[in-house]
Amino acid sequence: MGVKRWLDAWPVFRQLTGTDPLGRGKAAQSARSAGLGSRTESADRVAGSVCPYCAVGCAQRVFVKDEKVVQIEGDPASPISRGRLCPKGSASKQLVTGPQREQRVLYRPPYGTAWQELDLDTAMDMVADRVLDARRKGWQDTDEDGKVLRRTMGLASLGGATLDNEENYLIKKLFTALGALQIENQARI
Amino acid sequence: MGSNMAEAHPVGFQWVMEAKARGAKVFHIDPRFTRTSAHADQHVTIRAGTDIAFLGGVINHILTHDLDFREYVTAYTNAPYLLSERYQDTEDLDGLFSGYDPYTAAYDASSWSYASVPMEEQPGRLLKEVSAPYQHGAGGPFIEGAAGGIESDPTLEHPRCVFQVLKRHFSRYTPEMVERICGVPQELFQEVCRAWTENSGRERTTALVYSVGWTQHSVGAQFIRAGSIVQLLLGNIGRPGGGIFALRGHASIQGSTDVPTLFNLLPGYLPMPDVTHEDLTTYLDGVRGRGQKGFWGAADAYMVSLLKEYWGDAATAENDYCFDYLPRINGDHGTYRTVMDMVDGGKVFGYFLLGQNPAVGSAHGRLQRLGMANLDWLVVRDLAMIESATFWKDAPEIETGEIVTERCRTEVFFFPAASHVEKAGTFTQTQRMLQWRDKAVEPSGDQRSELWFFHQLGVRLKERLAGSADERDRPLLDLAWDYETEGDEPSPSDVLRHINGIDLRTGRTVDGYLDLKADGSTVCGCWIYSGVYANETNQSRRRTSRFETGPYDAEWGWTWPLNRRVLYNRASADPQGRPWSERKKLVWWDAEAGEWTGRDTPDFEKHKPPDYKAPAGASGIEALDGDDAFIMMRDGKGWLFAPAGLADGPLPTHYEPHESPMRNLLYGQQGNPVRKVYGRPDNPSNPAPPEAHSEVFPYVFTAARLTEHHTAGAMSRQLPYLAELQPELFVEVSPELAAERGLRHLDWAHVVTSRTAVDARVVVTDRMAPLRVDGRVVHQVWMPYHWGPTGLTKGDVVNDLIGVVADPNVFIQESKVLTCDVRPGRRPRGPALLEYVADYRRRAGITTETGTRIATAGGHIERAHIEPDRPEEPS
Ligand code: SF4
């Protein structure tokens, strides 16, 4: 190690000779932190997104590296949020990458005391069968006066305020075609 | 009012601070001193649930001092119109309007009509259940023959004109009365009146913000009506800096109302058909009305285009575009009704929960959980495990023995959902702006989007029914379900294209709803979103930096309708089409060019001059005169008085909350006489005057959000950052109440209602000020409501305290005000809890009839009213 490099590794020397006389910045930096780069700089790409919590609709920039989300920040270009995120929006990386995220379909049979794993495809088929069954059991052709109802009261759904417009559209469309009416979301709560 | 914006919409609140920095005065009127109050110029403490008394006081102040914006009021509101001689006001009937039927607890609204456009008499039950306001979408109810001209008095002096009726209706809402009811000192109340009126008019405008602090009441729709009346009288609607802002709570709750997952609506606020709609024509007549003005006149184009989107080639002119395929509603099919049907058994067999956790997030959590425990099957789709998926093993009812795992029959499927960065699509934020999100990464494991799930479900259902000859399966078999795909799911942009609308002759997207046709040549999934994919370009994906554009020309996202920022902005110009003032100019008539122009997209037909008079016999859009600024309304006017469309009266009236420590000081009628009450053993009410024993639950309870958590907590209680920022459930009480009940700061206490008791840490704070109300002291208690039995931070479910009582217009529960008791120490556990609460009920004399004797004016006090399961036939 040359004398110059040896001296430069000494924070006091850097503080006395460099541009940081108070020793609060560069002078105090360790070799490790000098070598660190920000996750936003090393990301492979950035996706334009929107905070999933409240209806202010703050814009987010989602940084991706190796097909994983490495950082989520506010987007300064947004005329709504001007780059800001509140604690919830700022925590949204934990929301999408945290260990609380479930990965597998889980199934609790009637009277069961524990979850079981279930294959996604099997689960979808089971749900499809049950939808038709509930639809049939709750079917009403007409009311007492013979007026057309053409509906089922056998199944219901709650949710949508956290979902995309495109998703809400398909949900309402499919349930309507099934004759299911009791399709509701947070807007009534 | 009714909003803690700094806490619940923190980043949006920066604009309030920006306005304040530029000289705007900020008033915060709320039961509690909050983060919002801390930044306001003035906080006004109000007793929860008395906002109509307060706003009625403001209206009375405006009218008695002639402070309304008279030119605006005369030109753009229905103030001059004469009302029917049959109309009787709450002043005449001790708090009721004409047409009340105590047996059905409903109104026949026919006497509330304009004099020259009489309505047919309708038995009240029919109005409340079958042709109730929730069926009119945003178009409002129709008033027969509005386009033909309505008898009016432009001087506003006729005793039966709306203006004079309004004056009389609110004449007893004096500052003294506001003080006695709301607990707001008169000087403070008058300061608000002064500031509001002085800051309105030609040169200035005032904005009003509310949130669910206004909607979650048994008179919620009327709170908002009261705010609208003030804003209309002061000329604050359709003008820059004015308006009423409903701040909504979820990323796309606005979107899920526009493109509804709601029982009573089809996309774009078209009503869901009911049993009276025999065919498309009767349905459309109901939406357009005969001889009505306005843009609902084109409802045939909106509806036919929707039916064409739903059923594609199967929908033809000959078969009414498959109108018959639509299921019919005939009453309240709202979420609380459905949950009671689950509890009762034998009606609802399967339930989907999509990013929603009613075991914690809906009022009366116990009822929700007991309902879920009594199903054939339940499908839960969420990011993380939630209480609504695990009730069979960890609900509070397991501890009390009301749910026994081994005897709980519900089959539960949990599907992990894709998060907002793992799928592309649009959210509609609170100012109606659609913003597109790109997909950042693929979801992992079994995580899937709702788009994938429902598309797959549809495909599988179609397979199972293929070849079925059963007529009831036709709607599913004929359903257009062939969106372009991206990987194994429908392309969200293609779904958005279909929502926008496509011209079938060219195959290209339409530019807006004006291009939609009623002849089957266009498809459109949601007419108000038409334009979001104009020119085959996803307009919601625009992200031009704010540094490059101004507020109105912003190319950022896309705002419905037609990228318009201020609705009804024709009213920003005077009747002659000139801006009311240079300072407040927004949209005006350019006579030379012969068109409306300005900073915003004009909310008016571009080439219709301000002095235009519609020809006799015209209807719909054509019937709008050049000064009919309120183009969606049936008469082209802003409604001070609602001649139809509300179940509980044409004018807002102060009623006490369902559970209140006070008698109504204004009328014999105590609470909303039309509110929906359900006298069930599993849904008891705390008594309120004139019933006895209200002192058993002496305090006013209200609940709300924290910045650091999100509604039922599924997206926040599990995150280390957020759980650490707000680690524990607490209850805020005043020092005076703490002394009265022996509560110590940071010790445990429990809050009790006739439903249950919940534990919380005590926060003694003067943010909760005791109120002096009609000569006595009323204490208010506040809790956040995000906790449940799982997550990194756990706590009791605050919503378990709340019973189900609903607004009759929109069926939203009264969860922002109830009564309670508070006691030091922790609540009893297990079966002892049930006994503890039962003892409270005994002491308060509570039976299933408590709270159901809702008609208390004019000697009807004896009769209990309970919402029937099914609408009764009109007698
Ligand atoms: S960052 Fe906060 S204020 Fe912005 S949208 Fe998200 S939750 Fe709302």
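Okay, let's start with one residue, Thr522 of chain B, which sits in strand 18, residues 522-523 of that chain. Keep in mind that this is a predicted model.

So, is Thr522(B) buried or exposed? Its relative accessibility is 0%, and buried means under 20%, so Thr522(B) counts as buried.

What does its side chain do in there? It makes a polar contact, at 2.9 Å, with the side chain of Ser305(B). A polar atom of the Thr522(B) side chain also lies 3.0 Å from the backbone nitrogen of Lys517(B). If we skip neighbours within four places in sequence, Thr522(B) is in contact with a whole list of residues, including Ser305(B), Lys308(B), Ile502(B), Val510(B) and Leu516(B).

Now, Ser305(B) and Lys308(B) take us over to helix 14 of chain B, where both are buried. That helix covers residues 299-311. How much of helix 14 is buried? Twelve of its 13 residues are, so the helix is largely enclosed by the rest of the structure. Among those buried residues are Tyr302(B), Met303(B), Leu306(B), Tyr310(B) and Trp311(B).

Just after the helix comes Gly312(B), with a positive phi of about 45 degrees.

Last bit, over to chain A. Chain A is divided into domain 1 (3-34), domain 2 (45-97) and domain 3 (105-188). Between domain 2 and domain 3 of chain A, the C-alpha centres lie 32 Å apart.

Technical notes. Residues are numbered from 1 along each chain as its sequence is written. Chains are lettered from A and ligands numbered from 1 in the order in which they are written. This is a predicted model: local features need pLDDT of at least 70, side-chain atom pairs count only at pLDDT 80 or more; totals for chains, interfaces and linings use all residues. Side-chain values use heavy atoms; hydrogens and water are left out. Helices (H or I, at least four residues) and strands (E, at least two) are DSSP runs, numbered from the N terminus. The expected span of a helix is 1.5 Å times one less than its number of residues. Buried means under 20% relative accessible area, exposed over 50%, partly exposed in between (1.4 Å probe, protein chains only). Domain bounds come from an automatic or database domain assignment. A polar contact is a pair of N or O atoms within 3.5 Å; within protein, one must be able to donate a hydrogen and the other to accept it, and residues adjacent in sequence count only if both atoms are side-chain atoms. Contact means heavy atoms within 4.5 Å.
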